[in-house]
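Let's take a friendly walk through a protein model. Have the viewer open, and we can go element by element.

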Amino acid sequence: MNRGLLLRLENVLQLRGACLQLRALSSRKVCGAQWKPVQLSAHPVGSLLLQPQLWPKHRLISAALSQCRHLATKEETKKKKKKVPLTRGEVEIRQRMTVEELAQAMGKDIDHIYEALLYTDMNLDSLEPDSILNEDHIKMIVQKSGMKYKSAKLKEEKERKNTDAVKRQVVNYPAVLTPRPPVVTILGHVDHGKTTLLDSLRKTQVASMEAGGITQHIGAFIVHMPSGEKITFLDTPGHAAFSAMRARGTNVTDIVILVVAAEDGVMQQTIESIQHAKNAGVPLILAINKCDKPEADPERVKKELLAHDVVCEEFGGDVQAVNISALKGENLMVLAEATVALAEMLELKADATGLVEGTIIESRKDKGKGPLTTAIIQRGTLRKGCVLVAGKTWAKVRFLFDENGRAVDSASPGIPVEIMGWKESPSAGDEILEVESEQRAQEVVAWRTYVEQQERMKKDLEVIEAKQKEHRLEYEKKQQKLAHLTWRQRKAALYKANKHLMFSRPKERAEMDENTLSLIVKGDVDGSVEAILNILDSYDCEDECKLEIVYFGMGDISENDISLAEAFNGVIFGFSVKANESIKKLADKKGIKIKLHNIIYKLIEDLKDELNSRLPPTVVETTIGEASVLDTFSVTVGKTRIPVAGCRVHKGLLDRKMKFKLIRNRDVIWKGCLSSLKHHKDDVQVIKTGMDCGLSLDKNLEFSIGDEIICYEEKEVQQTTSWDPGF
């Protein structure tokens, strides 16, 4: 190689070293009148460096300086922007801050950040003002500058305007108040006859109607008294719905009928029912049931109730007691009259004008009608076309039905009614409010959804902060124990303490259980991971699907996580972490699911969906038709005698392609397919309601008159986990 070229290359390298010294003094003037020539005398180009006016003319210097950072002079800095005033004390830092953002937060210029980074192993040549610093370097810079750091809080969203719907102001003008029927709930112990009493009260109203005239799903019905009064009975005697109403402060129930069996006396759920009524401030009527039995002792029941502050009238109290027999229908009208008398004392009235207010008693989904709710109207008059809001859903009323399934035009206060037109199914106990328009209803639902989400996030944040504080205290204790050691001793002690963790590997199973969900959990900080693990600790449905945590830790999703998920057939759940494109492509290639979330409850909901997908489907039988055996006979085919049943279809239809079962005395004695289905002498595929037919089974089984033939269809339905994480 040319000797001159080698000399020039050597000068460039020497000049490069001199420029690095210049950068270390970047807080001073570039034209260094203060610099001593002796500092650069060792360099052949030192004389040139002390004459800045010659730099642009010299090719070697200009080439070297072009590879170095331009160092702004004070005059240039003033032209670009005003210097941020210096601040003392704490500096708010956050993850992924840029050089410029950190300088502004510290009240320093950018050159100060570069100077602090000279003491690190960071490559300054690739650093720009918009370069992102990692958290360790940010903390080091702040500490080197003699300041303290604290984590910045998340920016609060702009406060949204409350657009919720509220109840109207109570008006006590006698002119607008009209009498309404009392709403009565029947409570008591499980086996004391609540359902029998409700059925008996229904039968008093449908004696002239055909069987099945009352649909079983309606949650309320009306009893008409001979004197013309009406009583609304709630067909929801369970404690859950009643507690939901009480929790929302909704006094839907005016009177509670407490059912106690005369032979059993006061039981545990009887005491709970009394407490429910007291907490809601609802008066009681005592119905002592099963008084027709020989071992009945109504007086003992009344005395036992004295211990629970339920004092009957004969003992000087204000609780009416009625001896009844729900099974035989004895004294039911006496019980109803006692209810009417108490209602007259309460002077129950309501405003039947203005916007509607009410409470949902029962909610269900109908295949043809969609979501349906049974509700009690408390104020206003409900009509078709009204726009209602309940919970986090809304409805434009399309149809109204009474307890008998008949369409009605309106419903006044105290009357139970079934509402059709909901977008989604609301919950039992939700408050119904009428609003002016569909747009207003959507605003209310959006606001309620937002409030619920904020409350959940607030609770999640509290859990995370508590775990982070606990982790920080534990870390500080460990550091205090090692404070007297040198750094070599400290490193050796930490290595010894964590050695078992470093070399441990999760035990891989030779055979994977299909009904097992393996998880890899990653979080941004230890507190987040701990919060998620605490929620997973509440999982108590191992009999449905096993939940195994293969690995958990902090940081973004890595190739190691993908390998673990592949080995264990698992799913990766990440909280406030990321997965780069190469990791996502690798996961797609290997068929690994990566689920990333920033809100804990959404992560848990996604986990529940994953658990549901691991559960085996259940087979549900759907009845298509029913027929009764009216006669039996047999036919001979070759040398084989085949029993044949003469049947009449009284519900649905019989389809030969479907499955059948034979029921005798309520017991299923056969399941299978038909070998033949005939109408008169013709082979047919379908027999409809009201038609006669002859049929034989694929098994040689004798029929009996009165047997039931059920035609049904089997469908697979996806199971859902019963795990309740508590939110």
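What follows goes from a helix to a sheet and then to a pair of strand contacts.

This is a predicted model, in which local features need pLDDT of at least 70, side-chain atom pairs count only at pLDDT 80 or more, and totals for chains, interfaces and linings use all residues. Residues are numbered from 1 along each chain as its sequence is written, and side-chain values use heavy atoms, with hydrogens and water left out.

Start at helix α7, residues 135-144; helices (H or I, at least four residues) and strands (E, at least two) are DSSP runs, numbered from the N terminus. Its buried residues (under 20% relative accessible area, 1.4 Å probe, protein chains only) are H137, I138, M140, I141 and V142. They pack against β1 (90-93), α5 (99-106), α6 (110-117) and β2 (148-151), where contact means heavy atoms within 4.5 Å. Just after α7, G146 has a positive phi of about 75°.

Now turn to the open sheet, where 6 strands follow the order β5-β6-β4-β7-β8-β9 with mixed pairing; two strands pair if DSSP finds at least two bridges between them. β5 (220-224) and β9 (320-323) are at the edges with a single partner strand each, so one side of each has no neighbour in the sheet. Within the sheet, β4 (183-188) and β6 (230-234) run parallel, joined by 3 bridges, and V184 has F233 as its bridge partner in β6.

Finally, look at β11 (357-366). Strand β12 (370-379) pairs with β11 in the antiparallel sense over 9 bridges, with T373 as the partner of S363. β11 also pairs antiparallel with β19 (431-435), over 3 bridges, and there G358 stands opposite I432.

Terms used: Buried < 20%, exposed > 50% of the residue type's maximum accessible area, 1.4 Å probe, protein only.
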